[in-house]
Amino acid sequence: MKLDRTSMLYGTLILTGTSIVSQFLGFVYRILLSRLIGAEVMGLYQLIMPVFSVIMALTAVGLTVAVSNLSSQYHARGNRAAIAQVLRRCLAVFLLLFAAVAAVVVLLYDPISVYLLGDARTQLGLLLLLPCILLTGVENLHKHFFYGTGNIRPPAAVELCEQFIRTGAVLGLLVVFLPQNPERTVGLIVTGMILCELFSAVTLLLLARRHLNRAGGLTGIASIAVPIGLTSLLGNLMGSATSVLIPQRLVHAGAEVSEAMSAFGVLCGMTLPMLCLPTAFIGALGLVLVPKLAEGAALGQRGLVQHRVDRSMLATSVLILPAMAFLVVLGPTLGAALFREPTVGRSILPLSVGVLLSCYQSVLASALNGVGRPGAAARNSILCGVVQLGCTFFLMGLPGVGLKGYVAGFLASAALGVLLNWWAVRRATGLRAQIFQWCTAPALSALLMGLVINLLFQVLRRAGLEALPAALACLLFGGVLYLAALQAQGIHLRRLFRLR
């Protein structure tokens, strides 16, 4: 059966495939990067990345959602002139906002690095982030134009090329110029990021210009961009504060500075990225879901909106639950083998639950943005950020608690986000929760799979098989077992392929 290229399923499959390849390349990139620079420099690099997220939230995130939503609405009505006007205006606003923020960073980079980030060695990386953010913002605005108009393939192809270029550029610079001090090493990483973003921004800009005719039009950019941008800004500010607090609170609890930075690098640069590797589907689904729901809402198709949210929740459970079960069982072994770091995988069970809940939270937040309730998603996100920040500050500073305090906050904030977002989605759409299909059946199937592959892995290892081949055998056998268990409970995968 040939898929409709304008359907939600087609877009999700294309972006999921792209994201899986991109996530895999990114994971290999992280493994090689961690081996080249070590846990401490990885922690230093992770310390500057929240600044990237904050500035992107302040300047671009709300505008990208506005481009996606409005492009989808105008595309449904055949108004190409308005789409062109939306993109031009959003680019102009982004450049103005970026210029103001960049001026502040250039003037205050020293106190930002010393007093906010807590490490003067972040100064060079902080300054080099600015051109990287400029190019990323231009790239993302053009990407979301393509997403909104249902033209998925150009940004997907560019994203794959970008990942290859990033891997080659960053690792190539490190191989050529290492050894360097930690500050210059971080600077080399960010320089490689700039090179790949330059390719993506220029390519997407030229492709978008080929699809648009310059003409005027009316837009409602502010009503979408402002609440989403403010939400993202506040959320990233709290997330950045959390990232900065982690090593500081570990030191307060009695750890050495280098030990705290290494623990931070392992947690945020190795363990969590490994757990997030299977969530490529969620990002792809969110990118497609927002404009599709906006289109359905604009045309008054309430039933179609409910159908799309229902299928999105089912797909999230069916795909993410077995992935988390597999990583809980084999993640510590794989992490130690791949990263050459024995502490990778510590607290992996509660972290995997948190990642699962955050996937539900993300899908429901996309649904709220798609049906025109960005304010609800904003309030819920801020509340969750407050919970995470509070747990990190108060619990991690306690002797003997350490990183367990962060893990507790991660779990609590994700669970709260799911509850609040679901309540808002139900009020907005009238959709009823399908507990058995969304949660019970996939969870039981994943639990069975996890128990069986745990036993199988031990048997294979005792038989003399190496860790990685044994893990691959468990993955194949566990996947078949999981699908059979789903089928036995009446959950047929063909339901997922009715995603319109």
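1. R166 and E197 are both buried in this predicted model. Their side chains meet in a salt bridge, with an N to O distance of 3.2 Å. R166 sits in helix α4 (residues 153-177) and E197 in helix α5 (residues 182-211), so the pair ties together parts that are 31 residues apart in sequence. The link does not stand alone. Salt bridges with shared partners join E162, R166 and E197 into one network.

2. How many salt bridges does the structure hold? The count is four. Two further pairs deserve a look, and they follow here.

3. E139 and K143 form a salt bridge through their side chains, at 3.0 Å from N to O. Both residues belong to helix α3 (residues 123-148). They are four residues apart, about one turn of the helix. Are E139 and K143 buried or exposed? Both are buried.

4. R311 and D310 make another salt bridge between their side chains. Here the N to O distance is 2.0 Å. R311 is buried, and D310 is buried too.

5. Q361 is placed in helix α10 (residues 348-370). Why does Q361 count as buried? Its relative accessibility is 16%, and buried means under 20%. Which residues does Q361 touch, leaving aside neighbours within four places in sequence? The contacts are C384, S413, A414, G417, V418 and N421.

6. Now a helix pair. Helix α13 (residues 435-462) and helix α14 (residues 467-488) have axes that come within 8 Å. The axes cross at roughly 150°. Angles over 145 degrees count as roughly antiparallel, and α13 and α14 are therefore roughly antiparallel to each other. The crossing of α13 past α14 is right-handed.

7. What meets what between α13 and α14? On the α13 side, the residues are A441, P442, S445, A446, L448, M449, V452, I453, L456, F457, L460 and R461. On the α14 side, they are A467, A470, A471, A473, C474, F477, G478, G479, L481, Y482, A485 and L486. By class, this contact has 20 nonpolar residues, three polar residues and one charged residue.

8. Then find E139 and K143 within α3. Move on to Q361 in α10. Finish with α13 and α14, where the axes come within 8 Å.

Conventions: Residues numbered from 1 in each chain as written. Predicted model: local features only at pLDDT ≥ 70, side-chain atom pairs only at ≥ 80, totals over all residues. Heavy atoms only, no water. Axes fitted to C-alpha atoms, helices over the stretch in contact; angles between N-to-C directions. Helix = DSSP H or I, 4+ residues; strand = E, 2+ residues; numbered from the N terminus. Parallel < 35°, antiparallel > 145°, perpendicular 65-115°, else oblique. Left-handed = near helix turned anticlockwise from the far one by under 90°. Contact = heavy atoms within 4.5 Å. Nonpolar A, V, L, I, M, F, W, Y, C, P; charged D, E, K, R; others polar. Buried < 20%, exposed > 50% of the residue type's maximum accessible area, 1.4 Å probe, protein only.
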